[in-house]
Amino acid sequence: MINVLIISDNKPLVSFIQNLVTNNATEFQGVKFDYRYSTINKNPDSLISLGLTSVNVKSEATVADIIEHYSLVISAHCKQIFPEKLVNNVRCINIHPGLNPHNRGWFPQVFAIINKKPVGCTIHLMNEEIDDGAILFQKEVPIFDWDTSLNVYERVQQAEMELLDLHFCDLVFGRYEQKVLEEKGNYNGISDFKALCNLDLNQVGTLREHIDLLRALSHGEFKNAYFTINEGKKVFLSLNFDKEN
Ligand code: 0FX
């Protein structure tokens, strides 16, 4: 029996993977899939409704248990960073919403809209570094001038599902070639994102640069970009585009 652990904080991805497992039942005879969300997830209800229970990969006892019981761990947008002990002792694969090595880390499409580096999704083996490790499968997606962060993110998520549709069985059975990148690329942390959100009303730049900044921070209902008025109150703003057909 092959035991596979899938850890995810993203409902559409989990649901997609669960359907793949159901639809490939013959191929997956002898494979057992367990699904978990990370313990730091503050809104797990939709994941619980899919049958997931929580896991804390920061707990040493849990890591020891995972190493003992599983031969593959898949992170499908897991909120917790896997510890070194875990990635070094069991095959761990990450499904990442960015095109490594460009803009590794937090919210790749936000930074790609601003710095014009390529974006897409990457499925890679995990090592001790964040969003690093040998690449197994990748797909780039375009960014148009009228895209917000949400538009690009939806395109990336679609590409993730396309890759999973094509290669999920290959991932489980280890049927892939590994591509090790020479370049490390660049990394953005949550503090970089927070710094972007705090708008400097005196910032000088082209109108294109300003539009890029604001659309990069426009993502549905999220309150990202803001400027501050008296008494430190924040005024949030976002951009909407209306492209003629
Ligand atoms: O599934 P996911 O893309 O993110 C998850 C984890 O939450 C995250 O910690 C991990 N780094 C990632 C690989 O997997 O969903 P999300 O809702 O956290 O973020 C989706 C997008 O939403 C993000 O790319 C940008 C946007 N967003 C998110 C937050 C939390 C914002 O614009 N503002 C925000 O405050």
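Where is Pro101 found?

Modeller: Pro101 is in the loop between strand S5 (91-96) and strand S6 (104-105). Helices (H or I, at least four residues) and strands (E, at least two) are DSSP runs, numbered from the N terminus. This is a predicted model, in which local features need pLDDT of at least 70 and side-chain atom pairs count only at pLDDT 80 or more, while totals for chains, interfaces and linings use all residues. Residues are numbered from 1 along each chain as its sequence is written, and side-chain values use heavy atoms, leaving out hydrogens and water.

Asn100 and Pro101 are joined by a cis peptide bond, with omega at about 5 degrees. Most peptide bonds are trans, and most residues other than glycine have a negative phi.

Two residues have a positive phi without being glycine. One is Lys116, with a phi of about 65 degrees. Lys116 sits in the loop between H5 and strand S7 (119-125). Another is Glu231, whose phi is near 60 degrees. Glu231 belongs to the loop between strand S10 (226-228) and strand S11 (234-236). Glu231 is exposed, at 73% relative accessibility. Here buried means under 20% relative accessible area, exposed means over 50%, and partly exposed lies in between (1.4 Å probe, protein chains only).

Two packed helices are described by the angle between their axes and the distance between the axes. Axes are lines fitted to C-alpha atoms, for helices over the stretch in contact, and angles run from 0 to 180 degrees between N-to-C directions.

Take H6 as the partner. Angles under 35 degrees count as roughly parallel, over 145 as roughly antiparallel, 65 to 115 as roughly perpendicular, and the rest as oblique. The crossing of H5 and H6 is right-handed. A crossing is right-handed if the near helix is turned clockwise from the far one by less than a right angle, and left-handed if anticlockwise. H5 supplies Gln109, Val110 and Ile113, and H6 supplies Ser149, Val152 and Tyr153. Contact means heavy atoms within 4.5 Å. By class, the contact of H5 with H6 has 4 nonpolar, 2 polar and no charged residues. Ala, Val, Leu, Ile, Met, Phe, Trp, Tyr, Cys and Pro count as nonpolar, Asp, Glu, Lys and Arg as charged, and the others, Gly among them, as polar.

Next, pair H5 with helix H7 (residues 190-197). H5 and H7 pack at about 55 degrees, with their axes 11 Å apart. That angle makes H5 oblique to H7. The crossing of H5 and H7 is left-handed. From H5 come Val110, Phe111 and Ile114, and from H7 come Asp192, Phe193 and Leu196. The contact of H5 with H7 has 5 nonpolar, no polar and 1 charged residues.

Follow H6 to another partner. H1 (residues 11-23) and H6 (residues 149-173) pack at about 20 degrees, with their axes 11 Å apart. H1 and H6 are therefore roughly parallel. The crossing of H1 and H6 is right-handed. On the H1 side are Pro12, Leu13, Phe16, Ile17, Leu20 and Val21. They meet Gln157, Glu160, Met161, Leu164, Asp165 and Phe168 in H6. The contact of H1 with H6 has 9 nonpolar, 1 polar and 2 charged residues.

The whole structure holds 8 aromatic pairs. One of them is Phe144 with Trp146, stacked at 5.2 Å centre to centre and 5 degrees between the planes. Rings of Phe, Tyr and Trp (its six-membered ring) pair if their centres lie within 6.5 Å; planes under 30 degrees apart count as stacked, over 60 as edge-to-face and the rest as tilted. Phe144 is partly exposed, at 32% relative accessible area. Trp146 is partly exposed too, at 37%.
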